[in-house]
Amino acid sequence: MFTSLEIHEFLLNQIGNSKEISDYRNDSVIISESTICKDQKGLIAIDNIPKNSVIFSFRSEVTHARTRTSIQVSADSHIEPSAFGMYANHSCKPNCCMYAQLRDNGASGHIVLITTEPIAKGEEITFDYACTETKLTPELRGTKCLCRQFGCRITMKGYVDLTEKERRVLNASNHVLEHIKQVFVTI
Ligand SMILES: [Zn+2]
């Protein structure tokens, strides 16, 4: 997981204007036909994109309802991504990592999607839903994963649904949000 300081630097270096940080989208990415989910839209690179590039940055008020597209920003709050960010699809071997944090004393949340490897023109932008969600909505949970990547978990899972081995692998990747890992911390 990127540190808050790294995220701040990525945003300042790549966006600069603090107003845009609330709703920024990378010009090298468009909403188009998904290469993963048939008949659905996804975020597709229209240019080569270097590692550690911000794909989008978005701030919004939190809600307490999980939806098909929401991102979990704390144990019990979520934000809806922008009309652009909502098209980022899942992969068990993603090319991006989602950073999510509460802001304004818990009133709002901030999500930033950053590339973890160089992305080639034509590639779809993906992140791992199990890194940002403790649970998935009933409509998504347990459905077939379509990522076709080596090590695919076969079905769609939130963090709590992972097998112990899957959880170990994911924790080692260092891409799981801290408030998602906390679900397994016993008091
Ligand atoms: Zn998969």
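The largest nonpolar core of this chain has 39 residues, and those with the most contacts inside it are Ile 55, Met 98, Ile 111, Leu 113, Ile 114 and Cys 131. At least two residues of this core are supplied by each of β3 (41-45), β4 (54-61), β8 (96-103), β9 (108-115) and α3 (129-132), and the largest share, five residues, comes from β8. The structure is a predicted model, and its secondary structure comes to five helices and ten strands.

**Overall form**

- A compact globule with 187 residues would have a radius of gyration near 16 Å, and the chain, with 15 Å, agrees with that expectation.
- Taken along the principal axes, the box filled by the C-alpha atoms of the chain is roughly 40 × 40 × 30 Å.
- Of the 187 residues, 36% count as buried.
- When contacts between residues at least 6 apart in sequence are considered, 67% of them join residues at least 24 apart.

**The open sheet and the helix across it**

- Four strands form an open sheet in the order β1-β4-β9-β8, and the pairing is antiparallel; β1 (23-25) and β8 are the edge strands, each of which pairs on one side only.
- From one strand to the next, the twist of this sheet averages 15°.
- The antiparallel pairing of β1 with β4 runs over three bridges, and within it Asp 23 stands opposite Phe 58 in β4, while Arg 25 has Phe 56 of β4 as its bridge partner.
- On to the next strand of the order, β4 and β9 pair in the antiparallel sense over seven bridges, and here Phe 56 has Leu 113 in β9 as its bridge partner; Leu 113 is also one of the residues with the most contacts inside the largest nonpolar core.
- Strand β4 is largely enclosed by the rest of the structure, because six of its eight residues are buried.
- Helix α1 (residues 4-14) lies across β4, β8 and β9, and runs at about 110° to β4.

- Leaving out residues up to four places away in sequence, Ala 130 touches Lys 157, Gly 158, Tyr 159, Leu 162 and Leu 170.
- Between Ala 130 and Tyr 87, which are 43 residues apart along the chain, the C-alpha separation is 16 Å.
- Cys 131, one of the residues with the most contacts inside the largest core, touches Met 98, Leu 170, His 175, Val 176, Leu 177 and Ile 180 when residues up to four places away in sequence are not counted.

**Strand β3 around Ile 44**

- Ile 44 lies in strand β3 and is buried, because 20 other C-beta atoms lie within 10 Å of its own and the cut-off is 20 or more.
- Apart from neighbours within four places in sequence, Ile 44 is in contact with Val 29, Ile 30, Ser 32, Gly 122 and Glu 124.
- One of these contacts, Ser 32, is twelve residues from Ile 44 in sequence, and the two C-alpha atoms are 6.2 Å apart in space.

**The loop between β8 and β9**

- Most residues other than glycine have a negative phi.
- Asp 104, in the loop between β8 and β9, has a positive phi of about 50° although it is not a glycine.
- Asn 105, whose place is in the loop between β8 and β9, likewise has a positive phi, here of about 55°, and is not a glycine.
- Asp 104 is exposed, because 11 other C-beta atoms lie within 10 Å and the limit for exposure is 12 or fewer.
- Asn 105 also counts as exposed, with 6 C-beta neighbours inside 10 Å.

Notes:
Residues numbered from 1 in each chain as written. Predicted model: local features only at pLDDT ≥ 70, side-chain atom pairs only at ≥ 80, totals over all residues. Rg over C-alpha atoms; globule rule 2.2 N^0.38 Å. Contact = placed C-beta atoms within 7 Å. Core = buried A, V, L, I, M, F, W, Y, C linked by C-beta atoms within 7 Å. Pairing = 2+ DSSP bridges. Axes fitted to C-alpha atoms, helices over the stretch in contact; angles between N-to-C directions.
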